[in-house]
Every structure is written in C-alpha cells, then in structure tokens.
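Trainee: I want to learn how to read salt bridges in a model. Please take me through them here.

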Amino acid sequence: MRTLSLSLLLLVACTGGDADDTGGLTSTTTATSTTTTGASDPTTGESSATDAPTTTALTTTSTSTAGPVEPTTSTTGDDSTTGEPLEPPGIHYVGRHDASDPNNIRMSWSGVGAVVRFDGTDLHVDLDDNGRWFTVVVDGQVQPPLMTAPGSMTYPLATGLPPGEHTVELYRRTEGSFGVTTIHGFAVTGELLSPPPVTRRIQVIGDSISCGYGNEGVSPCGFTAETENHYMTYGAIAARTVGAELHTIAWSGKGVVNNYGDDVFEPMPQIYDRTIAGEGGAQWDHAAWQPDVVVINLGTNDFSTDEDPPEDVFVPAYVAFLSHLRDVYPDAFILPVAPLLWGDEATMVAGYLQSVVDQRHAEGDLDVAFVDINAAPVGSGCDGHPSVATHEGMAQNLVTALGQHLGW
C-alpha cells in the first residue's frame with residue numbers, strides 16, 4: 001500500500017474506470033476542516049488515506065440559471081442495497097474512454113461522460129473539448145446545457161449546493177465526428193464518495209438516429225451541434241427508465257455494408273471496436289465492460305439510396321457482425337431492431353433481419369431476437385430525423401422489449 005498525497009490545487013486528474021474498475025480521485029475540503037479520503041491505486045487496487053486540509057476558491061454561481069453555462073478561465077466493500085460492490089471513492093467514467101494518461105482522460109462517442117458522487121457543495125470540471133455541448137444532471141435534475149469550447153477550461157457543474165451528499169452526471173450530447181473530449185480533472189468542495197453502483201448495462205449500436213441527430217430541431221432545419229442531444233435519444237431514455245448504464249456506439253450515416261449515399265468507406269462493423277470514434281489506433285477492451293443487452297439499430301443508411309445491398313450481401317455481413325458481438329459479449333442478449341424505413345422496403349429489411357436471427361439460432365445462439373421499436377412520428381427533427389417526442393415513443397417500445405426478453 002502506498003500513500004498518495006492530495007494536491008492543494010483545485011484540479012487534479014482522476015483515473016478512469018468502469019463499474020468494475022477502481023478510479024482515482026481528488027477532493028477539496030473547507031478551510032475549517034480536515035478530512036480523510038481514500039485514494040485508489042489503479043495498479044494495485046489498494047487504497048490509502050491522506051489528511052489534507054485545503055482552501056476553497058470556487059465560485060457560487062447557480063447552475064439553474066436559464067441558458068447555456070459559459071466557461072470560466074482554466075486553472076490547472078459491498079454495502080450497496082443492490083449487492084453490487086461499490087467502487088472506492090472516485091470518478092466513474094461512462095462510455096468508452098482512454099485512461100492511459102490519467103491526467104488526460106479521452107473520449108468521444110455519443111453519451112460519454114462521468115458520474116461524481118460527493119459530500120459537499122461544489123463541483124467543477126476541467127475540459128478540453130471539441131464536442132461543444134454536454135448534459136449536466138444534478139441530483140436527478142437536468143440543468144441548462146453546458147456549452148464547451150476547445151482549450152483547457154474550467155466549467156462549473158454544480159455550485160452553492162446545500163451541504164450533504166450529491167450526485168452529478170455529465171454526458172456528452174454530440175457524436176464522435178465532432179472530435180475528442182479530454183477531461184483533465186474534477187474539483188470538489190467536500191469529499192468524494194463511492195459512485196452509485198451499476199447493476200444493469202445496455203449498449204446501443206447505431207447511426208444518426210441513435211446519436212440524436214437533429215432531435216431538438218424543428219423541421220425544416222439542417223444538422224448542427226446545438227440540435228443533437230444524445231441524452232434525449234430512445235436509447236438513453238430507455239436506459240434511464242430501466243435503471244441501466246448506457247454505452248452508445250453510433251455515427252451518423254453509418255450502415256452495415258453501405259453508408260449513407262452509397263459510401264462504403266468504414267461502415268459500422270469496421271469502426272465498432274475503436275476506443276475513440278475518429279481514431280483507428282487503440283481498440284476498446286470489451287472485457288472491461290460487459291453489457292447485459294446489445295441493441296443494434298442499423299440498416300437505414302444501407303437502404304437510403306438506389307444502390308441497396310442485396311440480401312446475399314446484407315444478411316451475411318449482419319450475421320458476421322453478430323458473431324463478433326457474441327465473441328466479445330458471450331453472456332449478452334443481442335437485440336437487432338428494425339431500422340427506420342417505410343413501405344415495402346421496411347417489410348423486406350425486416351425479413352432480412354429475421355433471417356439473421358434465424359441463422360444465429362441455427363448456430364445455437366438463442367439469446368438473439370428481432371424487434372421493431374419504431375414509433376409513429378410526432379413532428380420531425382432536422383433532415384427528417386426523429387424528434388424528441390418520437391424518440392420517447394421508441395424508448396417505450398424498447399423498454400417493452402427489454403421486459404419481454406430480459407424481465408426488466
């Protein structure tokens with residue numbers, strides 16, 4: 001066991017982890033008190049305690065003010081009711097992330113972020129971000145959207161809270177094509193606590209619909225970062241409804257064989273294993289996060305233009321992708337869902353997907369099923385994409401399917 005000293009600086013990097021990993025931490029205390037906080041050694045898994053009185057220099061601006069939050073200048077056991085072991089005090093990172101440099105936690109897929117539980121009053125984050133927009137949730141209440149910018153800056157996530165326990169969630173709204181989010185650290189006025197336990201896990205694989213493309217726009221409109229909100233997609237809404245953590249691997253325009261506009265460069269199966277959406281280097285360690293269910297919503301772009309893939313191309317490619325998913329997630333239920341298509345084409349592709357499922361069953365993989373979660377459209381988002389209201393209908397259909405197949 002080694003002793004880790006806590007810096008008096010407000011922002012100290014935290015090591016990342018998933019629901020079964022240990023995470024590093026930083027904490028600050030009031031000037032009149034001294035606390036003992038445990039820090040986890042990411043190499044050994046051991047924890048150490050350090051007494052570290054610090055001063056506070058955090059603002060008390062309320063995050064409930066209407067409108068986007070603007071940045072400030074940067075400074076640089078098993079006692080859960082669910083039976084799930086609690087992580088040591090620290091930051092819980094959500095979604096695929098590169099924690100090889102604990103001072104620079106990198107991530108980019110839709111919905112990535114962090115959950116921080118602490119006993120105190122204030123929480124700030126130091127980000128260098130290209131994603132541009134985040135959803136912030138404080139004690140279950142969604143706050144005004146957080147607007148970010150490239151360059152290291154300190155952003156208030158929660159300030160002036162009543163003393164006591166609080167949970168703050170930070171989720172990226174935009175997709176990986178916007179670039180990388182780098183988290184340098186969090187500053188808490190108080191003491192970090194063990195993150196809430198994660199007992200259910202959902203992965204969604206998809207295209208622009210799963211990203212939330214234009215879901216907050218009102219047609220007619222084109223795509224902008226401001227109108228994409230992953231937090232209000234069918235996958236995120238369904239995950240919150242059933243109490244599950246969500247990892248979304250989605251990219252606008254991607255298909256199984258053909259991307260939008262008959263483009264065949266890097267369809268989703270070719271980029272699926274990436275840790276960072278736009279980077280072909282580091283591959284994600286699937287063993288680090290095992291989902292209970294994998295939802296696949298692909299095919300809309302494959303059949304979006306005149307050069308539709310024939311059945312003898314689309315079905316084998318989809319089957320091969322499911323085989324890969326089974327290899328990396330041996331215990332997950334795999335749920336292909338009907339893509340957003342219309343008329344005879346929708347019927348045809350539904351038949352293709354049922355054929356995919358039948359082939360997996362013939363191979364002895366019975367934990368696979370096809371379901372249609374599409375909902376009647378309520379309004380229209382940008383470029384004909386589902387509105388938030390339509391996503392809500394899709395989410396309810398997905399929740400029903402999860403109940404049928406997983407008993408949730």
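Trainee: Is Arg117 buried, partly exposed or exposed?

Mentor: Start with the cut-offs: buried is under 20% relative accessible area, exposed is over 50%, and partly exposed lies in between (1.4 Å probe, protein chains only). Arg117 has a relative accessible area of 22%, so Arg117 is partly exposed. This is a predicted model, where local features need pLDDT of at least 70, side-chain atom pairs count only at pLDDT 80 or more, and totals for chains, interfaces and linings use all residues. Residues are numbered from 1 along each chain as its sequence is written, and side-chain values use heavy atoms, without hydrogens and water.

Trainee: Which residue forms a salt bridge with Arg117?

Mentor: A salt bridge needs a side-chain nitrogen of Lys or Arg within 4 Å of a carboxyl oxygen of Asp or Glu. For Arg117 the partner is Glu165, with the closest N and O atoms 3.1 Å apart. Arg117 sits in strand E5 (residues 113-129) and Glu165 in strand E10 (residues 165-172), so the pair ties together parts 48 residues apart in sequence. Strands here are DSSP runs of at least two residues, helices (H or I) of at least four, numbered from the N terminus. Glu165 is exposed, at 52%.

Trainee: How many salt bridges does the whole structure hold?

Mentor: The search finds eight.
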